Amino acid sequence: MTYFPDHDYLPPVVYLDLWPLTGSLAMVRDPVAVSQFTIVRSEPKVDVVAKFFHPMTLGLDILTTEGQTWKTWRSRFNPGFSQRNLTALMPEIIEEVSIFANRLKQVAGKGNDFGPVFPLMNMTTNLTFDVIGRATLLILQRDMRLRSQTDQSDGNSLKSTLFDQIRLMEIFENVAQGIILQKRLQSNPGAGQKTTVLDLAIKHIDTDAPDGSQKKPTPEFVDRLVANLKVFLFAGHDTTAATICFMMKLLQDHPACLERIRAEHDSVLGAEPDPARAVQLLTASPHLLHSLPYSLGVIKETLRLYPLAATVRQPPPGYYLTGADSVKYPMDRFGLWTSTPVIQRHPQYWPRPSEFLPERWTATEGDPLYPATPNSWIPFSLGPRTCIGMELAYMELKLVLVLTARTLEIQEAWSEWDAVK
Ligand code: HEM
């Protein structure tokens, strides 16, 4: 399967003039050079990113802020997105993925027949919204769920939530003012109690209040909380939802890989393929989800072949990048754009670059498939600005595999889709 041709003819840096769209950009396809503006020194994001998000978040979100403000707020959200915290929330997230798996089962055909054609991306988008909602919104209010998968009012409430700013703001205003600021302050989660991203971030209300009072958060605190909730939904939904679709397409095209996944699930979760059994097991022992190396390989290989996001950074005046070829590339006035799809399929860094080979992720050093070039797998970017939602995305993707791979056959059907459209 070829999605991008092998760009081995491209030099490490390609200068592009995209004015007036985004200004001048340099496509950087050399991992050594990419590490210089992401890890060695994390350069700020280009203005165009902040301009794009400003109408939604007024510049108060962590995706577009820089410096100390970014550092403070990123460290407030990091604990909520940690693998440990998300593992504690796994039963809630399993609940959402089970709804997704059940809905797929409902549209499946009987026996060996396929059911009617449907757009998978709508369902994965709804799932992803609900998962982000479960991980971020308050645990205090048990009913504080987005319910995009099950609430069919106005067609598809999830999509309208995303694209209708007014509705979006209503939800978050309610979350922020009605619930967080009143109820949450009165009852801090006790030791051992589950905490969402928001639960953990609002612990800092008192730190920000000028009078040190825990009762009155600053208006700026509330605004930043709301802005970041919006950005989590925005940055996390499309990326994860499309990755699920690509993953299912790749498994359809590679039945031997699907068989290996099924065998792995049988051996870790028991030979009974009924999703209810896996749900039971994972709810009791969530750590089992971290013992599925081949499934993780499928996810990483999907993200290698179909990366969905990349970073663009603004260098200071007089900046140079030095590639692995030791050439110094002048970067004045050019946005530094990580050329993720090219790097992740480049034959210089990857053996058999265009092939879907999940086993490269379980290969050990010395194996010809072993991924040997540092910083050449970058779907979540690199350095301190790396994706905060990576662990959540992994969890959702693995749960989707566990609850669907053994019981469903998914087949793309473009001509049938054309016929119903
Ligand atoms: C497969 C799924 C995902 C992919 C491929 C992905 C990819 C990325 C990439 C490449 C960046 C870096 C952007 C940059 O530096 O300009 C990023 C940043 C970010 N992502 Fe994700 N993402 C995914 C899922 C999520 C999820 C589930 C969430 C939240 C619920 C999320 C929230 C964010 C945020 C807030 C940032 C900005 C972090 C910062 O600047 O400190 N992402 N993501």
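Between which two strands does the loop with Arg333 lie? Arg333 sits between strand S5 (328–330) and strand S6 (335–338). This is a predicted model, where local features need pLDDT of at least 70, side-chain atom pairs count only at pLDDT 80 or more, and totals for chains, interfaces and linings use all residues. Residues are numbered from 1 along each chain as its sequence is written, and side-chain values use heavy atoms, with hydrogens and water left out. Helices (H or I, at least four residues) and strands (E, at least two) are DSSP runs, numbered from the N terminus.

**Positive phi**

- Most residues other than glycine have a negative phi.
- Arg333 has a positive phi near 70° and is not a glycine.
- Leu58, also not a glycine, has a positive phi of about 55°.
- Leu58 belongs to the loop between helix H2 (47–57) and helix H3 (67–77).

**Exposure**

- Buried means under 20% relative accessible area, exposed over 50%, and partly exposed in between (1.4 Å probe, protein chains only).
- Arg333 counts as exposed because its relative accessibility is 68%.
- Leu58 counts as exposed, at 56% relative accessibility.
- His290 is partly exposed, because its relative accessible area is 33%.

**Around His290**

- His290 lies in the loop between helix H13 (275–284) and helix H14 (293–305).
- Not counting residues up to four places away in sequence, His290 touches Gln83, Thr87 and Lys398; contact means heavy atoms within 4.5 Å.
- The C-alpha atoms of His290 and Tyr394 are separated by 9.8 Å, and the two residues are 104 residues apart along the chain.
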